[in-house]
Amino acid sequence: MKYSIFSLASEALLGHGGWQPVWRDAAPKANYDVVIIGGGGHGLATAYYLAKEHGLTNVAVLEKGWIGSGNAGRNTTIIRSNYLLPQNIRFYEWSMKLWEGLERDLNYNTMVSQRGVVNLYHSDAQRDAFARRGNAMRLNGVDAELLDRAQVRAMLPFLDYDNARFPIHGALLQRRGGTARHDAVVWGYARAADQRGVDIIQNCEVTGLTIRDGRITGVETTRGDIRAQKVGLAVAGSTSLLTSMAGLRMPIEAHVIQAFVTEGIKPAIDCVMTFGAGHFYISQSDKGGLVFGGDVDGYNTYAQRGNLPTVEDIIEGGVALWPGLGRLRVLRHWGGLLDMSMDGSPIIDRTPIAGLYLNAGWNYGGFKATPASGWCFAYTIARGEPHALNSAFRLDRFAAGNVIDEKGVGAQPNLH
Amino acid sequence: MRIFCPYCGERGNEEFSYLGDASPVRPDPAAANAAEKFADYVYLRDNPRGPLRELWYHAAGCHSWLVVTRDTFTHEISRVEFARDVAAARNPAAEVGG
């Protein structure tokens, strides 16, 4: 069913009895050209672009839970391309361009809202650093504006501008940044991939990788063995668990990041805002809840929950910036697992195992990358070599010394 | 999560800072394959789900470096040792500073 104003109007008139499930609940076949492990946004986008851009439709996406149950449903929905390093800027800007056309492309309302991303700065030195980042963005064709204090105050009048320790001096603004509806992104990609013939197989956990003579020939799952010419891993958070089945160690540690949502209030903040003196970011959902988060907890973990000291630290940062937040109640908070890579940048590449491809290392920034990650990973799998956009995101860049360390903190994953 | 420090007793994890996996050992820089070994040492990790020996520093306490054996899925801590003792056991010939 193609969605349009006419399908919506006719269903409204007919009592909404005609809506159909938007993807088939497929059972695994014995053999596929490509098997993608991981039914999150990245895996589903990869399957969609394999079918759309490369004509590969004998494709399965294997998901151990259900679609949208992992990090796709645990992020804070922010999209942006305000990076400093050229390898990251061009990749994330391609993602932003795909976001801008995504709803038409998928025929699905992913609720992309380009409400602007405001990064506050609090000192002269930080203004210089943000001006440099803004200039790097503009040199790469990305929009960026440096705002002074008065301009920020006009947008966000309720902040503590004269905080004794961290007064607000201004902000770097990317107007094209914003948010998208995370669930709709996975559902939209799942529906569009399914319509092109991709099998989306839920409740199917991969328990082993079948490798013969250095080449992958298939996967073992809780729903039986599946043969495949090529296998792509898109399981950020659990990458090391899967690659260890192939004997590969990764430049990755698993960490947890927490996110929070408050009770719903009237429209208060019409952009995404980040604190420059601590790690705190916030936006408002369409239901009115304030969605916010901050740093990772900082220790290796596979538990999808965090600890209270981090909760305290994040909320202290938020209240220092926006004192009125202290009057709100937090309704929910949760944790999601991250692949924290050794340089804070992702990996989209081949592996030493022929036919096994890797999409990993998304740190805490995978959501915004979803369209370009799928697009580049599909290209890499279909052609057997990276596209120019992901040619820097190599697995061997660490040993070769070509790290992409956006924050400049070195091989210490919990600091990125 | 609370960590039992052998000097200070059980303390909240906010008193500690985390370095990571305690198992990588600095390779011999004079070895023929030193570049490859250093790349492994600096960048590659087992990253297991389950027991992991890891380095914690009791920054807001006694300033000891500890090797904590902790399950990365349940957060259960089964053992805490002084990093100094672990290093001395690994290389008894070398003098380990306090």
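Start by selecting helix α6 (residues 182-195) and helix α9 of chain A, whose axes come within 11 Å and cross at roughly 20°. The two are therefore roughly parallel to each other, a label for angles under 35 degrees, with over 145 counting as roughly antiparallel, 65 to 115 as roughly perpendicular and the rest as oblique. Axes here are lines fitted to C-alpha atoms, for helices over the stretch in contact, and angles run from 0 to 180 degrees between N-to-C directions. Helices (H or I, at least four residues) and strands (E, at least two) are DSSP runs, numbered from the N terminus.

A quick word on what you have open: this is a predicted model, where local features need pLDDT of at least 70, side-chain atom pairs count only at pLDDT 80 or more, and totals for chains, interfaces and linings use all residues. Residues are numbered from 1 along each chain as its sequence is written, chains are lettered from A and ligands numbered from 1 in the order in which they are written, and side-chain values use heavy atoms, with hydrogens and water left out.

Now for the rings. Show Tyr83(A) and Tyr92(A): their ring centres are 4.2 Å apart and their planes at 5°, so the pair is stacked. (Rings of Phe, Tyr and Trp, the last by its six-membered ring, pair if their centres lie within 6.5 Å; planes under 30 degrees apart are stacked, over 60 edge-to-face and the rest tilted.) Are these two tyrosines buried or exposed? Tyr83(A) is buried at 10% relative accessible area, and Tyr92(A) is buried at 3%. Buried means under 20%, exposed over 50%, and partly exposed in between (1.4 Å probe, protein chains only).

Next, pick Trp94(A) and Trp375(A), an edge-to-face pair at 5.1 Å centre to centre and 75° between the planes. The pair links distant parts of the chain, 281 residues apart: Trp94(A) sits in helix α3 (residues 86-106) and Trp375(A) in helix α9 (residues 366-383). Trp94(A) is partly exposed at 26%, whereas Trp375(A) is buried at 14%.

Then find two arginines over rings. Arg191(A) has its charged end over the ring of Tyr3(A), 3.9 Å from the centre, and Arg133(A) lies over the face of Phe130(A), at 5.1 Å. The rule asks for NZ of Lys or CZ of Arg within 6 Å of the ring centre and within 35 degrees of the ring normal.

Finally, jump to chain B, which has two helices and six strands. Select His75(B), in the loop between β5 (65-71) and β6 (77-82). Its phi is near 65°, a positive value in a residue other than glycine. His75(B) counts as buried, at 12% relative accessibility.
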